[in-house]
Amino acid sequence: MQAEAVRRGELPPVEEVRHGVWSVAFEFGDGIDDHSLGYVVEGSDGALTVIDPGWGVEANLDRLESALADVDHSLADVDLIAVTHLHADHLGGAEALRRASGARIALHAAEQRALGERTSDAAAADADIARWGAPRDDQEALVASWGSGRHLPALTADLLLGDGDVLPIAGRLLRAVHTPGHTAGHLCFVEPEQRLVFTGDHVLPRINPGIGLGGRTGTNPLTDYLASLDRMVALDVAGPDALEVCPGHEYRFVGLRGRAEALIEHRADRSRDAAAALDALDRPTVWQVAERMSWSGGIASLHGYRLGSALAQTEWHVQDLGRADELRAA
Ligand SMILES: [Zn+2]
């Protein structure tokens, strides 16, 4: 049903995923025609956990309220908001939901750190942009969208999660799995008994997730992301016990292992592109390497945030190859 709705460009309806687990679609803000998927999980005491309450627009709180009413609940029953990562389409609605329900917000400690360090992170991103050597015409838009002009909300969580932590939900064993890559503190949540895994933006059915989109840690987000995909491969099993993936966008699917392997392969292709560019060029800038990599639509079609993301990824691919010393700063 979700896949059909996505194909028709509609907001998917509320669906019961398992007994006491529902999927709710939330719309984007800023006039963007898209949606994210959040999930409501009921504990044995009737208390509710909302995983990723969507973008912080009023319509989403109304949508959640009516979804809960349909299953004989209200916003007051929500006592935990578990967030996969700090992006507006996942975390944005958390503050309003906390205010409306009194629920606690839980996220990974690295996401909290990234929210706190967003000013110094942005200054470091400006220095990256200066080094990459993108065309002069693109510089301003890069700083505005990828560097110090980029806006991240402030938020203080009530509960900081680490890898392996079990969410405080009565009668359920829902475990946090730290999957850095898309952001530094990205979390997946797995409930082995129900054969469910909530993957946020780490693994999506069709989209190749961007990487390094929140929190600077001194590690390479690509290397982190590949290790986090390996964890997904290890988590899943073939056959009737395969996990059902509840992603943050698009639709639910079975086949986590195959999808994670395909994402790893996609990154290997990009690394091969980067290696070929380094072989062909004498001390190129990041921009010159990126020009020779395959981006859907080509590098010339990318501007602002998408261009910033492409150039950052290029540099991380080169670093992951161990060939960063072959790059030249602009
Ligand atoms: Zn995201």
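Two strands are taken to pair if DSSP finds at least two bridges between them. Helices (H or I, at least four residues) and strands (E, at least two) are DSSP runs, numbered from the N terminus. The legends describe a predicted model, in which local features need pLDDT of at least 70 and side-chain atom pairs count only at pLDDT 80 or more, while totals for chains, interfaces and linings use all residues. Residues are numbered from 1 along each chain as its sequence is written, and side-chain values use heavy atoms, with hydrogens and water left out.

**View 1. Strand 3 and its two partners.** Of the 8 residues of strand 3 (residues 35–42), 7 are buried; buried denotes under 20% relative accessible area, exposed over 50% and partly exposed in between (1.4 Å probe, protein chains only). Strand 2 (residues 21–27) runs antiparallel to strand 3 and is joined to it by 7 bridges. Within this pairing, V40 in strand 3 is the bridge partner of W22. Strand 3 is also joined to strand 4 (residues 48–51), by 4 bridges in the antiparallel sense, and Y39 stands opposite I51 of strand 4. The hairpin of strand 3 and strand 4 has 5 residues between the strands, and G46 takes a positive phi near 90° there.

View 2. Strand 4 and strand 5 (residues 78–82) run parallel and are joined by 4 bridges, with T49 opposite L80 in strand 5.

**View 3. The five-stranded sheet with helix 8.** In this open sheet, 5 strands are arranged in the order 8-9-10-11-12 with mixed pairing. Strand 8 (175–178) and strand 12 stand at the edges with a single partner strand each, so one side of each is left without a neighbour in the sheet. Helix 8 packs on the sheet, where it touches strand 8, strand 9 and strand 10, and its direction makes about 140° with that of strand 8; contact means heavy atoms within 4.5 Å. Strand 9 (residues 187–191) pairs with strand 10 in the antiparallel sense over 3 bridges, and L196 in strand 10 is the bridge partner of E191. Strand 10 and strand 11, by contrast, run parallel and are joined by 4 bridges, with P247 in strand 11 as the bridge partner of G200. E244 and C246 point one way from strand 11, V245 and P247 point the other way, and all are buried.

View 4. The 25 residues of helix 9 (residues 256–280) should span 36 Å at 1.5 Å a residue, and its end C-alpha atoms are 36 Å apart, which agrees. The expected span is 1.5 Å times one less than the number of residues in the helix. Among the buried residues of helix 9 are L256, R259, L263, R267 and R270. The buried residues of this helix pack against strand 10 (196–200), helix 8, strand 11 (244–247), strand 12 (253–254), helix 10 (286–291) and helix 11.

**View 5. The crossing of helix 8 and helix 11.** Two packed helices are described by the angle between their axes and the distance between the axes. The axes of helix 8 (residues 221–235) and helix 11 (residues 304–320) come within 8 Å and cross at roughly 75°. The two helices are therefore roughly perpendicular to each other; angles under 35 degrees count as roughly parallel, over 145 as roughly antiparallel, 65 to 115 as roughly perpendicular and the rest as oblique. At the contact, P221, L222, T223 and L226 of helix 8 meet W316, H317 and D320 of helix 11. These residues divide into 4 nonpolar, 2 polar and 1 charged, where Ala, Val, Leu, Ile, Met, Phe, Trp, Tyr, Cys and Pro count as nonpolar, Asp, Glu, Lys and Arg as charged, and the others, Gly among them, as polar.

**View 6. The surroundings of W316.** W316 lies in helix 11 and is buried, with a relative accessible area of 15%. Not counting residues up to four places away in sequence, W316 touches I211, G212, N220, P221 and L222. The C-alpha atoms of W316 and T219 are separated by 9.8 Å, although these residues are 97 residues apart along the chain.

Methods: Axes fitted to C-alpha atoms, helices over the stretch in contact; angles between N-to-C directions.
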